Amino acid sequence: MRFFEYEARELVRRAGVPVTDYGFTTEAEQAGEIAARIGGPTVIKSQVLSGGRMKAGGVKFADTPEEAVAHAREILTLEINGHMPRGVLVDPRAEVEQEYYAGVVWDGTRKQPVIIFSPVGGIDIEQVAEEQPERVGRRHFSNILPFSDFVAKEAIASSGVTGPALGKLVPIVSRLARMFVENDMVLAEINPLGRLADGSFVALDAHMDMENEARPRHEKLLGELGVGKEETRQAREPTPFELAGEQIDSSDHRGVAGNVTEFDGNLGLVIGAGGGSLTLFDAVRAHGGRPANYCEIGGNPSVSKACGLTKLVLSKPGVDKIAVMMSIVSNTRVDIVARGVIKACLELDFDPAEKIAIFRIPGAWEEEGFKILERYGVDYADRSVSLNEAARRAVEKIQGAGATAAPPQGEATA
Amino acid sequence: MSILVDADTTFIVQGITGREAVNLTRECLDYGSGAKIVGGVTPGRLGREVHGVPVFDTVAQAVEHHGGPIDGSVVTVPPAFTRDAVFEALENGIKLVVIVTERIPRRDVAAMVELAALRGARIIGPNCLGIIVPDVIKMGGIGGPAKNAAQAYTPGPIGVISRSGGMTTEMSSTLSAAGLGQSAAVSIGGDAIIGSTYAELMPLFAADPQTRGIVIYTEPGGRMEAELAAWTLAQEESRRLPIVAFMAGRFMDEMPGMSFGHAGTIVEGKEDTASEKIARLANAGIQVAERIEDIPEMIGSRIAERASAGNGTGSG
């Protein structure tokens, strides 16, 4: 879960890293008051969960409070990559001698956190690593031993930094590493970390990302920062369709029937499980199909949950048919999913045989499941039909259906 | 032969009285020659039984009751308690821990993996279905009830490693239908940090005389495939086991920052994308299948090529 810059800076401040005397506001007028308090040139920054703020016009410089108000007014209504800003941050324009980079991330191969440090800050660290690899220092650290400051010292020193700066940087980077672990972050980055004329350091921008799975552990902190439980902070905001899917999934605790993502096609997908859904979504697209959604069934959901998810997909505008497909199931029961999807069709007054393009879920309780499908005339397949072939048949059927309603141009002239 | 487990492997189930754990215990007892589940642990339930398996309050009690070291543990406790349960298993001398639990924060997983390394133990998972040696033993929910597992998995020459539990069964079933059985199949889990990666399991398969080829299921996210490619290239060419990979989630390349299917699929850098991984695997001589049904033919002919070249027959 990503944090806005104003939240990330607060996290850095709480960790004991010096920050500038910034202010956050959602009101343009108040931006002027903050600028007046700062008393000097300021930077007005859009608080938005998207990169490329500068390019999009979301960062502007002001010399007076009046100018700050004007910029804030503009930025507050400026959409950046599909995101509206949460507010603006008013920051004193610091006189920086040099910009550094300090970050902590996970290394999945070493299975440890790693400190990354560079005296070349203010730009993308991946670019520095490519162009000046000798100026990037890295050190992994233990998750069992308490963090020891020498790790930070080694990371900084190996980037070529020495002298008085080294001594000042060690506690800052150590605090960043500790806060990364303590707060279950997947990314904790100060970039740039500025060195001022007097030799002291100050965080000028920060990026923080907390692991979703760990959110329940940090309820108090998130509450203090004002992060709502309903905020997903995904790369794009959830749609009403996706939120409805989440509600169905949380309706009872048995299994999963959710993780819905909306797409704009005509073929509704009731698919599972994790890996099966990825494979099937690819297969539908490879055959020229246009999925209306992505979703996941797994862990043996109840009939009502499978039914709820199917109804949601069937009711989506533009959905002509659905395909019900999973990789071979061993925990989820075929008959329960079969009952759920047929119930959904019947409750919406659809003929299951017409609406369900294909049902391909082999595995536990398949004899019982197939019997139910037969009774309703639904086209089903066992494990001898591959995931790819099932997806192909579903796409073929829906394209046939589309052709009778409104023949595609190519076919009409043929 | 097999890797990790065999008919003599003893193990416990931590969290054995939970609903899913009770099913899992039944499945493992019923499968193959019958798993040697020598105990279960649920604090406060000492003296109970689950399908005839005695329940203890602590792992130490289970070890004492068994009268000697226990080989493995299947951990099914809720995410908030998993780290402690795994530490308990490791500190009581258990060398193979299969973690079924999902949604464990990385910090905890990393701590478990680090302690396991210090204790000379191995972790499979988390968020996985475990290990199966066809017709011999299964440790975990892999393949489901014994009857269903027997339908999908057959003994043979292929090692299967998969980031998806369900796809382990789907691919093994496809291989079995084509007459290619499995030496062992390992569901390694779909999280960003896991106990055993492809590259970490490869030496075990490479040392197993029954294994002649490897089939893996992969996804976007993480560096695990890059690690496998590097490991493969570091092996002497004549000693490389043929590997065929299947890559799911190719559509995710168009949706950076989103995660689908498993927590570990989030693409955080350009190295994590499906297309980048496919290129890396191919560069290491690992064929990437477009469709699951193409896998048996691909791995079969690679094994045949290698045999006719005089390698991999076990004579060297």
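Trainee: Where is B:Thr9 found in this predicted model, and why is B:Thr9 called buried?

Mentor: B:Thr9 sits in the segment before strand 1 of chain B. Its relative accessibility is 6%, and buried means under 20%, so B:Thr9 counts as buried.

Trainee: What makes the pair of B:Thr9 and B:Asp6 a polar contact?

Mentor: A polar atom of the B:Thr9 side chain lies 2.8 Å from the backbone nitrogen of B:Asp6, and the cut-off is within 3.5 Å. Beyond its neighbours within four places in sequence, B:Thr9 also touches B:Leu4, B:Lys36, B:Asp71 and B:Ile137.

Trainee: Now to helix 3 of chain B. How do you know that its length agrees with what a helix should span?

Mentor: Its 13 residues, 79-91, should span 18 Å at 1.5 Å a residue, and the end C-alpha atoms are 19 Å apart, which agrees.

Trainee: Which residues of that helix are buried, and what do they pack against?

Mentor: B:Thr82, B:Ala85, B:Val86, B:Phe87, B:Ala89 and B:Leu90 are buried. Their packing partners in chain B include strand 1 (10-14), helix 2 (59-66) and helix 4 (106-118).

Trainee: What makes strand 14 of chain A covered on both faces?

Mentor: A:Lys321, A:Ala323 and A:Met325 are buried on one side, and A:Ile322, A:Val324 and A:Met326 are buried on the other. In a regular strand, side chains alternate between the two faces of the sheet.

Trainee: How do you know that strand 14 of chain A pairs with strand 12 of chain A?

Mentor: Pairing takes at least two bridges, and these two strands have 6, in the parallel sense. Strand 15 of chain A also runs parallel to strand 14, joined by 4 bridges; there, A:Ile358 is the bridge partner of A:Ala323.

Notes
Residues are numbered from 1 along each chain as its sequence is written. Chains are lettered from A and ligands numbered from 1 in the order in which they are written. This is a predicted model: local features need pLDDT of at least 70, side-chain atom pairs count only at pLDDT 80 or more; totals for chains, interfaces and linings use all residues. Side-chain values use heavy atoms; hydrogens and water are left out. The expected span of a helix is 1.5 Å times one less than its number of residues. Buried means under 20% relative accessible area, exposed over 50%, partly exposed in between (1.4 Å probe, protein chains only). Contact means heavy atoms within 4.5 Å. A polar contact is a pair of N or O atoms within 3.5 Å; within protein, one must be able to donate a hydrogen and the other to accept it, and residues adjacent in sequence count only if both atoms are side-chain atoms.
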